[in-house]
Amino acid sequence: MRYTPSEIEPRWSERWAAQADLYGADPQSSGKPKYYVLEMLPYPSGQLHMGHVRNYSIGDALARFMWMRGHNVLHPMGWDAFGLPAENAALKNNTPPREWTLKNIAAMKRQMQRLGLAYDWRNEVTTCLPEYYRWNQWFFVRMFERGLAYRKKSKVNWCPECATVLANEQVIDGRCWRHEDTLVEQRDLEQWFLRITNYAQELLDGLEKLNGWPEKVRTMQRNWIGRSEGAEVEFAVASVADQDPPPETARERLEERIEDALEKFRAGRKVLAATEDVELTGDKVAVFTTRIDTIYGATSVQLAPEHPLVKKFAANNRKLAGDVAALLDQQKQAREAGDVGAIEKHGVFTGHYAVNPFNNERLPIWVANYILLDYGTGAIMSVPAHDERDYEFAKKYGLEIRIVVLPRRADAIHSEEDHDSLLPYTTEDSLLINSGQFNTLSNEEAQRRMAQFAEEDGFGKATVTYRLKDWGISRQRYWGTPIPMLYCEKDGIVAVPDEQLPVLLPENIAITQQGGSPLGRLPDFVNATCPKCGGPARRETDTMDTFVDSSWYFYRYTSARNDKAPFDSATAGYWFPIDQYIGGVEHAILHLIYSRFWTKVMRDMGLIKNDEPAERLFTQGMVIKNGAKMSKSKGNVVSPDDMIERYGADATRAYALFAAPPDRDLDWQEDGVAGVSRFLGRVYRFAMRHAKGANGATEATATSQALQRKLHQTIRKITEDFGGRWHFNTSIAAIMELVNELTAAESAIAAGEVPDAVLAATLRDLVLLLAPFAPYLAAELWEQIGGEGDLLRAPWPKFDEALAREDEVEIPVQVNGKLRSVLRVPAGAGESVLREAALADEKVRASTAGKTVVKVILVPGKLVNLVVK
RNA sequence: GCGAAAGUGGCGGAAUUGGCAGACGCACCAGACUUAGGAUCUGGCGGGGAAACCCGUGGGGGUUCAAGUCCCCCCUUUCGCACCA
């Protein structure tokens with residue numbers, strides 16, 4: 001009667017695979033409450049890893065539990081099948097990407113089936129197939145029509161290793177998200193963008209309502225969207241009068257004069273006054289600030305090296321051009337190294353001035369290497385007294401530092417020196433000084449009034465800026481969704497008409513590592529006809545970022561074979577939002593922000609009604625080994641196949657749930673898997689011994705009552721775990737306790753102390769409790785004990801409060817907080833019973849002898865504490 | 001630097017609400033059994049001590065009859081963010 005998962009499991013696996021509708025959802029008319037449980041779809045690398053196993057074990061346990069609780073469950077699976085590895089593999093093995101990918105999918109599907117995961121494969125979604133990606137194209141055209149997809153030349157992140165562009169979200173510390181060692185370069189390219197920034201505010205606001213999402217993920221998204229409230233203020237540019245591009249000698253003279261002004265400025269630290277013969281040029285420079293209230297303290301304006309105004313200034317000034325180039329280089333290097341925060345601040349005076357519209361002061365315009373063109377307006381006003389960076393910069397270059405707010409708690413400030421030692425102070429709990437008509441206002445009040453003032457006078461306004469940028473989706477790669485756009489000489493950019501979709505990805509193509517999109521080298525693909533004028537057109541050769549694929553795949557599951565639309569709205573309306581989404585925290589930003597965006601766009605298109613894709617999100621911890629993330633380079637990768645072969649799928653899955661709470665990192669210990677396997681063996685043998693054996697006992701005894709009590713306590717615990725904390729490690733531990741108690745009662749059972757009915761009911765419930773965690777063993781035993789129908793649809797056991805109740809409890813007795821004895825009293829014993837029992841207890845009396853009991857703490861059901869002196 | 005989470009036996013972890021610290025499992029030790037197995041069963045297993053008992057949840061302080069749990073300070077680890085104006 002050995003437990004042999006290697007025989008039991010494949011037998012069931014085959015039976016399940018033969019029933020396509022086994023894990024299918026019921027029709028909407030079933031009247032059952034719907035439950036959509038979803039695990040993130042894998043990239044088909046060809047091999048499941050332990051992270052997948054953990055992810056799917058959690059989801060599968062939940063799905064099975066919900067089925068047994070009588071829900072209508074949708075539990076699908078698919079493949080995130082486009083992406084660069086397929087091209088790399090093609091290069092290496094000379095296999096077409098499609099072939100390689102489909103082969104991997106088949107292999108991984110086998111692994112999933114071997115794991116006994118309860119997916120409805122009839123809804124399988126494979127993103128690299130035209131039946132799927134045609135809808136990516138369809139969505140793209142819809143977004144183009146709505147102005148949400150646009151093309152622009154911009155500075156983009158370029159990974160030399162991938163030979164393609166990356167989205168901001170795919171750059172981590174200046175490196176490619178797929179190539180930890182590869183620095184991302186900045187390049188200028190024409191790219192397609194999706195206007196996710198249109199939804200920045202809604203994406204931010206929506207986070208407040210996502211109470212079923214981990215706070216950590218919400219915070220990460222909040223930071224990523226990076227809203228900041230402030231104001232834009234326009235400064236007029238004033239320059240040394242000499243506007244015409246001067247001949248060489250004149251230019252040198254101008255440079256001298258600028259040097260001269262700079263000299264004076266340095267000597268006197270009073271540039272604001274050293275403005276001699278400057279006059280307005282008609283140019284304007286807008287700065288973005290979150291602290292308009294400190295604008296009277298501005299003593300310079302700082303521009304990003306790439307600011308258009310800088311180009312203009314530098315055109316007349318070779319020295320400046322050289323200096324700016326150096327600054328730009330520093331910034332670029334810092335950016336590429338990913339430590340912009342650590343950059344040493346450098347700057348250069350341009351010789352030009354900006355007029356502060358609030359007080360008409362002329363502030364020197366500098367170029368600084370820490371100002372970023374792509375945030376705000378690429379220009380700032382520098383207020384050294386109240387900003388740490390500005391302070392550092394002003395100290396370094398001797399710029400004036402002017403205090404314009406006085407902290408409310410200013411008691412300690414008695415002199416200028418005191419002030420200096422406190423600088424810079426950035427508090428917003430202060431009052432304005434040295435600020436003209438705004439003096440004595442609070443910061444908050446001043447911010448409002450000054451923005452209003454600027455708006456009324458037409459030189460500024462309150463604004464909101466976001467760190468979030470539009471989503472660049474063009475990729476110069478082959479293995480992705482072709483962007484369905486055409487370039488016609490006459491009609492410009494034209495979308496491919498719906499009836500011509502999908503734009504098929506050509507199959508026969510030589511994958512090489514040379515730059516540019518591989519599709520660009522296929523004349524048959526590139527040369528097309530303009531649908532408007534019928535003339536020749538050039539086809540877009542870039543493909544879409546694969547995150548497009550995963551932004552809406554879960555809608556497709558609800559009607560995966562639909563060839564009229566991306567999905568059926570009514571069906572999606574029934575299933576959405578996803579009740580529980582489960583995956584790794586590494587997708588907290590990328591996938592989870594894109595798919596929220598996509599959902600909002602689809603809602604605005606009228607395809608769906610929900611605002612958010614998923615009601616609840618669970619992010620599981622990583623699977624590690626010997627304290628480190630599993631990786632080939634560390635040689636600590638544990639193969640799921642290997643585990644299944646040695647211990648079975650049940651033991652592997654149950655261990656993945658047992659070894660740690662699901663949200664924490666899990667240290668994979670093979671001995672632990674063996675332990676779980678031993679436990680399953682004990683269950684198997686116990687059940688087999690009693691599956692059919694009735695010995696005619698009918699009389700309830702203390703033992704049978706104790707068994708029933710334990711059983712119902714276990715049912716209660718596990719049912720609560722599913723509804724609450726998801727600490728499946730303790731759920732499984734509870735089943736182990738139950739089984740320990742059952743096997744310990746073996747001799748009592750043999751002695752007829754446990755009625756047949758109790759034993760049979762216990763066995764049945766034990767099998768049901770096991771079903772979400774060890775489905776193979778549960779199915780096998782279910783059959784052995786004569787369970788009817790499929791286990792998955794058998795109702796989850798109900799716990800009986802009366803049977804679960806203890807009738808006698810142990811109450812610890814402390815003397816001065818130290819444990820001295822344990823009382824056995826009837827459950828529900830009142831205070832007087834406890835007091836008497838405690839005082840009468842021998843051990844207690846021994847330790848209180850010769851002392852007076854000052855106080856007795858009685859907590860019925862918990863403990864007794866005697867305070868003695 | 002900012003923010004979050006965590007720190008409990010040799011190891012993974014338990015102790016939702018302040019109430020017997022170490023459930024359950026691994027490893028280890030002792031024993032039983034034997035068709036000698038990657039088997040099964042029984043018992044032991046935080047530290048000190050012969051015992052009574054004492055000590056023990058990263059460190060230090062505090063609140064409380066009672067603290068792993070609450071409060072204050074500090075240390076360590078992991079994760080996120082980081083010139084964002």
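Trainee: Does His75 count as buried or exposed, and at what relative accessibility?

Mentor: Buried means under 20% relative accessible area, exposed means over 50%, and partly exposed lies in between, with a 1.4 Å probe and protein chains only. His75 counts as buried because its relative accessibility is 1%. Please note the conventions: this is a predicted model, in which local features need pLDDT of at least 70 and side-chain atom pairs count only at pLDDT 80 or more, whereas totals for chains, interfaces and linings use all residues. Residues are numbered from 1 along each chain as its sequence is written, chains are lettered from A and ligands numbered from 1 in the order in which they are written, and side-chain values use heavy atoms, with hydrogens and water left out.

Trainee: Where is His75 found, and which residues is His75 in contact with?

Mentor: Helices (H or I, at least four residues) and strands (E, at least two) are DSSP runs, numbered from the N terminus. His75 is found in the loop between β2 (72-74) and β3 (78-79). Contact means heavy atoms within 4.5 Å. Setting aside neighbours within four places in sequence, the contacts of His75 include Val37, Gly59, Trp67 and Tyr119. A polar contact is a pair of N or O atoms within 3.5 Å; within protein, one must be able to donate a hydrogen and the other to accept it, and residues adjacent in sequence count only if both atoms are side-chain atoms. The side chains of His75 and Glu39 make such a polar contact, at 2.5 Å.

Trainee: Which side chain makes a polar contact with the side chain of Arg402?

Mentor: The partner is the side chain of Glu361, at 3.1 Å. A polar atom of the Arg402 side chain also lies 2.9 Å from the backbone oxygen of Tyr296. Arg402 is placed in the loop between α11 (388-397) and β16 (405-407), and its relative accessibility of 16% makes it count as buried.

Trainee: How many disulfides does the structure hold?

Mentor: A disulfide is a covalent bond between the sulfur atoms of two cysteines. Here the criterion is a pair of cysteine sulfur atoms within 2.5 Å. The structure holds 0 disulfides. Cys530 is in none, and the nearest cysteine sulfur, that of Cys488, is 3.6 Å away. The sulfur of Cys533 is 3.5 Å from the closest cysteine sulfur, also in Cys488, which is too far for a bond.

Trainee: What is the relative accessibility of Cys530, and what is that of Cys533?

Mentor: Cys530 counts as buried at 2%, whereas Cys533 is partly exposed at 30%. Cys530 is placed in the loop between β23 (527-529) and β24 (536-539). Not counting residues up to four places away in sequence, Cys530 touches Cys488, Asp491, Val494, Gly535, Pro536 and Ala537.

Trainee: How far apart are Trp135 and Arg556 in sequence and in space?

Mentor: They are 421 residues apart in sequence and 9.7 Å apart in space, C-alpha to C-alpha. Trp135 is placed in helix α5 (residues 130-145) and counts as buried at 2% relative accessibility. Beyond four places in sequence, Trp135 touches several residues, among them Trp552, Arg556 and Pro566. For chain A, residues 24 or more positions apart account for 74% of the contacts with a separation of 6 or more.

Trainee: How many residues surround RNA strand B, and which are the closest?

Mentor: A residue is near a molecule or strand if one of its heavy atoms lies within 4 Å of it. RNA strand B is surrounded by 49 residues, the closest being Thr290, Ile343, Lys345, Tyr375 and Arg467. Of the atoms of RNA strand B that come within 4 Å of the protein, sugar and phosphate account for 66%.

Trainee: Which helix gives the most to the surface near RNA strand B?

Mentor: Helix α23 (residues 728-744) does, with 6 residues.
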